[in-house]
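Trainee: I have just opened this one, and I would like to learn how to read it. Could you take me through a few features, one at a time?

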Amino acid sequence: MALAMMDTKTQYGIVSRVLHWGMALLFAWQFSGAVFRVFFEDTALEAFLWGTHRTVGVILMALILLRVVWALFSASRRPESVGVMAKLGHIALYALMLAVPGIALIRQYGSGRALDVFGVNLMSGGGERVDWMVNLGGLLHGELGWALLALIAGHIIMAFVHRRSPSQDVLSRMV
Ligand code: HEM
Ligand code: HEM
């Protein structure tokens, strides 16, 4: 069957796949940077990977917003989840994908410092420091980021566990 733009009950379409795999690559990059920051501080590779953390984070934030809109728009067409746990797992992935960069941007704004992405000035800076915004990010951004990584690991494992039963082989819907 040719791959359609839209999702169907039996497989994800092109838009959903490009979002899913494109963002998976960006998340891999983003988490590599975070891992290097923790384990290989002050190495050249850390500087290279971590140096793009804000930029890639902002790109991910934009893509996540698009993806939420697309998921809601496609909700009635998409393949059924293989169970309630799969459904809840995907909802949790969405919640963390929104919260992690969202909280970082709130902190960035509250810090009163400027934010530029590819030379575009997203936040002008120079404002007052807003304590609750900075504290919220300090408390939750990194922690929820690691929780998201753990959830993604579980998600990938489950995608392969489900391959063992032909009726639950969800990988073929996305690949
Ligand atoms: C989905 C996108 C993002 C993910 C998955 C992510 C993930 C992470 C993780 C796991 C850490 C913890 C690193 C550590 O323990 O040392 C971290 C730290 C940090 N992130 Fe992000 N991040 C994202 C987006 C952003 C954005 C958009 C910004 C800023 C505009 C940002 C700014 C920072 C900063 C300043 C730190 C160091 C302070 C801290 O640990 O909170 N991140 N990020
Ligand atoms: C090697 C990496 C990955 C594999 C093998 C994989 C596999 C899959 C499969 C097979 C599905 C379809 C599940 C179903 O129909 O019930 C799916 C959906 C999904 N995956 Fe992944 N995935 C990977 C990485 C990621 C990453 C990094 C994220 C981001 C947090 C993610 C988030 C989601 C979400 C939210 C869905 C629900 C459909 C959607 O809205 O796109 N996946 N994945």
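**Reading the metal sites and a hairpin**

Mentor: Let's begin with a contact: a polar side-chain atom of His20 is 2.8 Å from a nitrogen atom of ligand 2. Keep in mind that this is a predicted model.

Trainee: Which residues come nearest to ligand 2?

Mentor: There are 19 residues around ligand 2, and the nearest are His20, Arg78, Tyr94, His155 and Arg173. For polar contacts, look for pairs of N or O atoms within 3.5 Å. Arg78 has a polar side-chain atom 2.9 Å from an oxygen atom of ligand 2, and for Tyr12 the distance to an oxygen atom of this ligand is 3.3 Å.

Trainee: Which residues coordinate the iron atom of ligand 2?

Mentor: His20 and His155 do, each through NE2, at 2.0 Å. This pair links distant parts of the chain: His20 belongs to helix α1 (residues 14-39) and His155 to helix α5 (residues 131-161), and the two are 135 residues apart. To name the geometry, look at the angles among the donor atoms. Here six donor atoms give angles of 88 to 179 degrees, and the site is octahedral.

Trainee: Are His20 and His155 buried or partly exposed?

Mentor: Compare the relative accessible area with the cut-off: buried means under 20%. His20 counts as buried because its relative accessibility is 15%. His155 has 28%, so this residue is partly exposed.

Trainee: What coordinates the iron atom of ligand 1?

Mentor: Again, find the donors, then the angles. His53 and His141 coordinate this iron atom through their NE2 atoms, at 2.0 Å. His53 lies in helix α3 (residues 53-74) and His141 in helix α5, so the pair ties together parts that are 88 residues apart in sequence.

Trainee: Why is the arrangement around the iron atom of ligand 1 octahedral?

Mentor: Because its six donor atoms subtend angles of 87 to 180 degrees. As for accessibility, His53 is buried because its relative accessible area is 18%, and His141 is buried because its value is 14%.

Trainee: Now for the strands. How many bridges join β1 and β2?

Mentor: To read a strand pair, follow the bridges from partner to partner. Strand β1 (residues 115-117) and strand β2 (residues 120-123) are paired in the antiparallel sense over three bridges. Leu115, for example, has Met123 in β2 as its bridge partner.

Trainee: Which residue of that hairpin takes a positive phi?

Mentor: Look at the turn: the hairpin of β1 and β2 has two residues between the strands, and Phe118 takes a positive phi near 50 degrees.

Methods. Residues are numbered from 1 along each chain as its sequence is written. Chains are lettered from A and ligands numbered from 1 in the order in which they are written. This is a predicted model: local features need pLDDT of at least 70, side-chain atom pairs count only at pLDDT 80 or more; totals for chains, interfaces and linings use all residues. Side-chain values use heavy atoms; hydrogens and water are left out. Two strands pair if DSSP finds at least two bridges between them. Helices (H or I, at least four residues) and strands (E, at least two) are DSSP runs, numbered from the N terminus. Donors are N, O and S atoms within 2.8 Å of the metal (3.2 Å for Na, K and Ca); water is not among the atoms, so sites may look incomplete. Four donors count as tetrahedral if all angles lie between 85 and 135 degrees; four count as square planar and six as octahedral if opposite donors are over 155 degrees apart and all others between 65 and 115; anything else is irregular. Buried means under 20% relative accessible area, exposed over 50%, partly exposed in between (1.4 Å probe, protein chains only). A residue is near a molecule or strand if one of its heavy atoms lies within 4 Å of it. A polar contact is a pair of N or O atoms within 3.5 Å; within protein, one must be able to donate a hydrogen and the other to accept it, and residues adjacent in sequence count only if both atoms are side-chain atoms.
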